[in-house]
2 protein chains.
Amino acid sequence: MKASEVRGHLDGLLLSVLESGPLHGYAVITAVQERSNGVLELRKGTIYPALNRLERLGLLDSTWESVGERRRRCYELTDAGRRSLDTERKVWREFTAAIGSVLEPAQPRTAT
Amino acid sequence: MKASEVRGHLDGLLLSVLESGPLHGYAVITAVQERSNGVLELRKGTIYPALNRLERLGLLDSTWESVGERRRRCYELTDAGRRSLDTERKVWREFTAAIGSVLEPAQPRTAT
DNA sequence: TCGGATAGGTTGCCTGACAACCTATTGCCA
DNA sequence: TGGCAATAGGTTGTCAGGCAACCTATCCGA
């Protein structure tokens, strides 16, 4: 499953995997993939712009880290990011509850 | 909440409210709204093109109904539509499970 | 007779995820 | 030693789809 279906909930995913500690972009991709049991395969063209956007919004902080000659950009949750993650989780619950109640209403009887 | 967040799951919603019987477009809107406890407010510009698309895909059948001089277009699930609804529900469960496991991972001591 | 609710649309805009592309370093294998 | 894959970070253009705005028409009550 690609993130195409994730529209609007990507930010929550990113914030969530960063909750337990800083990660660089590439690691964010694998973290999401692992935590979803391989189901969610985010693309670079998806997460890099998203991480930048989240930083601009003040939800993430990034620092360049050097491993030898190679540079990595490490992203970390800010306090605002943590609060936002909290909100994202609430929205997610409301969202699933709403769709769920339409999609799978109280035990639909097949053939009365 | 608008359907903007519903991206990719709108079809399932529409098929779902039509499962218990034919409805015309306007009634679909109110049905979705009622079944989601007023949370999901679909727009005409959202559902009419969607219903047409679903008909083109063979998932719905439409018939014009006359109430006095006024014409209504009634949509009804086809067999393919029913099968598709089944698939949509499976996808929805997988989707929520995947996002959920990233967004709210292994919550220790939570009855869920 | 007029306005609002009902009913069915269409058009164009905007958002956001993605594919395709680019750069550079590191490590491994031939 | 040279070349290639994996790692790492990006940008650009495209495309789908939900939405606002708009249009038409009927029906009913004030």
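Arg93(A) forms a salt bridge with Glu104(B), with the closest N and O atoms 2.9 Å apart. This is in a predicted model. The rule finds two salt bridges across the interface of chain A and chain B, and 12 residue pairs in polar contact, both residues at pLDDT 80 or more.

Three helices of chain A, α1 (10–17), α2 (25–35) and α4 (79–103), each supply at least two residues of the side that touches chain B. The largest share is from α4(A), with 14 residues. Sorted by class, that side of chain A has 15 nonpolar residues, eight polar and eight charged.

Now the extent of the interface. 31 residues of chain A are in contact with 31 residues of chain B. The area buried between the two chains is about 2800 Å², and carbon and sulfur atoms give 69% of that area. On the chain A side, the residues that lose the most area to chain B are Trp92(A), Val102(A) and Leu103(A). Together they account for 25% of what that side buries.

Last, the symmetry. What rotation superposes chain A on chain B? A rotation of 180°, with 0.0 Å of shift along its axis, and the RMSD is 0.1 Å. That is the relation of a two-fold axis. In chain A, the C-alpha nearest the axis belongs to Arg7(A), at 3.4 Å from it. Both copies use the same surface: 100% of the contact residues of chain A recur in chain B.

Definitions and conventions: Residues are numbered from 1 along each chain as its sequence is written. Chains are lettered from A and ligands numbered from 1 in the order in which they are written. This is a predicted model: local features need pLDDT of at least 70, side-chain atom pairs count only at pLDDT 80 or more; totals for chains, interfaces and linings use all residues. Side-chain values use heavy atoms; hydrogens and water are left out. Contact means heavy atoms within 4.5 Å. Buried area is the accessible area (1.4 Å probe) that two parts lose on being put together, summed over both. A salt bridge is a side-chain nitrogen of Lys or Arg within 4 Å of a carboxyl oxygen of Asp or Glu. A polar contact is a pair of N or O atoms within 3.5 Å; within protein, one must be able to donate a hydrogen and the other to accept it, and residues adjacent in sequence count only if both atoms are side-chain atoms. Helices (H or I, at least four residues) and strands (E, at least two) are DSSP runs, numbered from the N terminus. Ala, Val, Leu, Ile, Met, Phe, Trp, Tyr, Cys and Pro count as nonpolar, Asp, Glu, Lys and Arg as charged, and the others, Gly among them, as polar. Copies are superposed by least squares on the C-alpha atoms of residues with pLDDT of at least 70 in both.
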